[in-house]
Amino acid sequence: MIQATHQAIVMTEYGGPEVLKIASVDSQPLAAGQVRVRHTRIGVNFHDIYVRSGLYKTLALPGTPGIEAVGVVAEVGQGVSRFRPGDRVCYVSGAYSIYAAERVISHDELIAVPDDLSDALVASSLLRGLTADVLLHRVARVSQGSRILVQAAGGGMGQILSQWATQLGAMVIGTAGSDATAKKADQAGCVEVIRYRGAGAQDVAARVQQLTGGEGVDVAYDGVGKDSFDASLASLGIGGQLVMYGQSSGPVPPLEIARLSAKSNSVCRPMVFHFVKKPRERDAMAARLFEALRKKHFRMGESQEFALADAAQAHRQLEAHGAQQPILLVP
């Protein structure tokens, strides 16, 4: 019997985008309870860059990166009743192996894609949308009257948080580092956008305290990391929570825990993969996300698509221009 193969990006070393090499790899046979998914769209994220560079040494080499995809069920294993060939599905996975034409995965890790949402829209919003759901509804509970700070509110994740939180009735203060991202943050619903660098730069924490009458914010969302951590912490009110969900500027140095006692603050670093392990909870999160997309609680920019073989160029695009525009791979 001829061994079936498919195309995949294979890394044999950490480094720059050039380490993302297209290769032909053996297709995995199905075991009971598994599904073969033919990918139609694969999301490209900063997490992938951290894995590729070696900042996150969570992918064994040689290996295939990637953490989210949309596709079509091609084949189901024994005992699978939830899905059948032809069904549209999506998933996120911390086990990687997604920059590929197909993947074999347990059926209970899959989410059914609604007929009224396109593959491109779901792939553009899945990881970030589920992450936003965790940040707004699970880690912290944002509701009418909440006051929040969103660092880099004009970035891809920042725009989703700002728009969705505004729909929930929160007062959203954003930060931005350029005129272009400040405009996007303003359009995302921020009551004010604080420039933290360049012309007109302000002291973020001082301005937040002014805007809140000296009370500070209930929650500060920070995906920037090293460059913004201190300002985020100083922006909190009594009992306020700092939620770190990324580190685009680099990792935060070790924190002296006694600093939190000044205002009884707390800091957390959630990972969406921990919250999607249980199918019932994951399906509830996805249902909220899909409904938010239908109601346009947040809007995704038009995606930029690259062939799977051009994954290196997709990474260069993300590193050069950020996540303001979703980037997808098409096998």
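Predicted model: local features only at pLDDT ≥ 70, side-chain atom pairs only at ≥ 80, totals over all residues.
Which residues does Arg41 touch, not counting residues up to four places away in sequence?

Arg41 lies in strand β3, which covers residues 34-43. Its contacts are Ala69, Val70, Asp119, Ala120, Ala123, Glu305, Leu328, Leu329, Val330 and Pro331, leaving out residues up to four places away in sequence. Take Val330 from that list: Arg41 and Val330 are 289 residues apart in sequence, yet their C-alpha atoms are 5.1 Å apart in space.

Now for a record that goes with this chain. In UniProt, an unreviewed entry lists residues 15-329 as "domain: Enoyl reductase (ER)". Over residues 15-329 the chain is 30% helix and 24% strand.

Six strands make an open sheet, and if you walk across it the order is β10-β9-β8-β11-β12-β13, with parallel pairing. At the edges sit β10, residues 192-195, and β13, residues 266-268, each of them pairing on one side only. On average, neighbouring strands in this sheet are turned by 20° against each other, ignoring direction.

Strand β8, residues 147-150, and strand β9, residues 171-176, run parallel and are joined by four bridges. Within that pair, Leu149 stands opposite Ile173 in β9. Helix α3, residues 156-167, packs on the sheet here and touches β8, β9 and β11. The direction of α3 makes about 165° with that of β8.

There is another helix to look at on the sheet. Helix α2, residues 119-139, lies across β11 (217-222), β12 (236-244) and β13. Relative to β12, α2 runs at about 150°.

That brings us to helices packing on helices. As a reminder, two packed helices are described by the angle between their axes and the distance between the axes.

How do α2 and α3 compare on those terms, that is, at what angle do α2 and α3 pack? The angle is about 50°, and the axes are 10 Å apart. The crossing of α2 and α3 is right-handed. On the α2 side, the contact uses Arg128, Gly129, Thr131, Ala132, Asp133, Leu135, Leu136 and His137. On the α3 side, we have Gly156, Met157, Ile160, Leu161, Trp164 and Ala165. Sorted by class, the contact of α2 with α3 has eight nonpolar, four polar and two charged residues.

Next, α2 meets helix α8, residues 279-294. Here the packing angle is about 110° and the axes are 9 Å apart. That angle makes α2 roughly perpendicular to α8. Again, the crossing of α2 past α8 is right-handed. From α2, the contact residues include Leu121, Val122, Ser125, Leu126 and Leu130. From α8, they include Met285, Ala286, Leu289, Phe290 and Leu293, with Glu281 and Arg288 also taking part. The contact of α2 with α8 divides into 10 nonpolar, three polar and four charged residues.

The axes of α1 (46-53) and helix α9, residues 311-321, come within 10 Å and cross at roughly 110°. So α1 and α9 are roughly perpendicular to each other. In which hand does α1 pass α9, left or right? The crossing is left-handed. Phe46, Asp48, Ile49 and Arg52 of α1 make this contact with His315, Leu318 and Glu319 of α9. By class, the contact of α1 with α9 has three nonpolar, one polar and three charged residues.

Leu61 and Pro62 are joined by a cis peptide bond, with omega at about -5°. Pro62 sits in the loop between α1 and β4, where β4 is residues 68-76. The other detail is Ser97, a residue other than glycine, with a positive phi near 65°. You'll find Ser97 in the loop between β5 (88-92) and β6 (102-106).

How values were computed: Residues numbered from 1 in each chain as written. Heavy atoms only, no water. Pairing = 2+ DSSP bridges. Helix = DSSP H or I, 4+ residues; strand = E, 2+ residues; numbered from the N terminus. Axes fitted to C-alpha atoms, helices over the stretch in contact; angles between N-to-C directions. Contact = heavy atoms within 4.5 Å. Parallel < 35°, antiparallel > 145°, perpendicular 65-115°, else oblique. Left-handed = near helix turned anticlockwise from the far one by under 90°. Nonpolar A, V, L, I, M, F, W, Y, C, P; charged D, E, K, R; others polar. UniProt positions renumbered as here; feature names shortened; annotations may be inferred.
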